[in-house]
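I opened this entry to keep track of what I looked up.

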Amino acid sequence: MSEELKDIDLYRKVLQDKDSSALRKLYQRYEKLIYSFSYKMTGDREVAEEVIQEVFLKLWKKHAPYDESKGKFSSWLLTMTRNASLDAIRKRNRHESVEYIEKDSLRVTHETPEDIMEWKEKGSAVRDCINQLKEDQQHIVHLAYYKGKTQKAISKSTDTPLGTVKGRIRLALKHLQQCLQGKGGHFE
């Protein structure tokens, strides 16, 4: 299998051929992104690791088919990650009466200094692009993607019409995509 296969080609191999090496390649490409996104939402390393497993299990079992016409593969994965993270948060809130905070983690990572630097650079680029958004768009992006609020909850908490919330999110994502493309690198 070529190292340069695009995400959609790997995804098709997973779906059509049940190609575990294609799934492994997608996992290697996206596990850090999914983990960091989920960890940012949940604040829990264990939950973030479970979210990674859930997302790739859904991909393997075809529970949430990807539609190319609706956007990028990476955006679809992040949407699945966001939904799985929100489910985990809801489940934790329902079943936990005592909050456990893990102060010291014994988790071993195999990240190289180059990996860490790349993720810091990408994180910095995303933060820069978010800071370039209009203030109302920044606020809604923060509520939706970092606080995990639904569009309806954002509408209610900000006293903003639901259609306006949806429009601001759509515009913000469009501006973020353009900004990130201008910064080079691989943000898909």
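My notes follow, one topic at a time.

**Ground rules.** I am working from a predicted model, in which local features need pLDDT of at least 70 and side-chain atom pairs count only at pLDDT 80 or more, while totals for chains, interfaces and linings use all residues. Residues are numbered from 1 along each chain as its sequence is written, and side-chain values use heavy atoms, with hydrogens and water left out.

**Helix packing.** I looked up how helix 2 (residues 20–42) sits against helix 3 (residues 45–61): the angle is about 140° and the axes are 8 Å apart. Helices here are DSSP runs (H or I, at least four residues), numbered from the N terminus. Axes are lines fitted to C-alpha atoms over the stretch in contact, and angles run from 0 to 180 degrees between N-to-C directions. I then listed the contact (heavy atoms within 4.5 Å). Helix 2 brings residues including L23, Y27, I34 and Y35, and helix 3 brings residues including V51, I52, V55 and F56. By class, I noted 15 nonpolar, three polar and three charged residues in this contact. Ala, Val, Leu, Ile, Met, Phe, Trp, Tyr, Cys and Pro count as nonpolar, Asp, Glu, Lys and Arg as charged, and the others, Gly among them, as polar.

**Disulfide.** Which cysteines form a disulfide? I found C129 and C179, with their sulfur atoms 2.1 Å apart; the rule is a pair of cysteine sulfur atoms within 2.5 Å. C129 lies in helix 5 (residues 113–132) and C179 in helix 8 (residues 162–182), so the pair ties together parts that are 50 residues apart in sequence. The torsion about the S-S bond of C129 and C179 is about -80°, so I wrote down a left-handed disulfide.

I also checked burial (buried is under 20% relative accessible area, exposed over 50%, partly exposed in between; 1.4 Å probe, protein chains only). C129 is buried at 2%, and C179 is buried at 15%.

**Salt bridges.** How many salt bridges does the structure hold? I noted six, each a side-chain nitrogen of Lys or Arg within 4 Å of a carboxyl oxygen of Asp or Glu.

- R29 and D7 meet at 2.6 Å, N to O. R29 is in helix 2 and D7 in helix 1 (residues 7–17), so parts 22 residues apart in sequence are tied together. D7 is buried at 7%, whereas R29 is partly exposed at 27%.
- R90 and D87 have their closest N and O atoms 3.4 Å apart. Both lie in helix 4 (residues 73–95), three residues apart, about one turn of the helix.
- D9, R12 and E68 are linked in a network of salt bridges.

Methods. Helix = DSSP H or I, 4+ residues; strand = E, 2+ residues; numbered from the N terminus.
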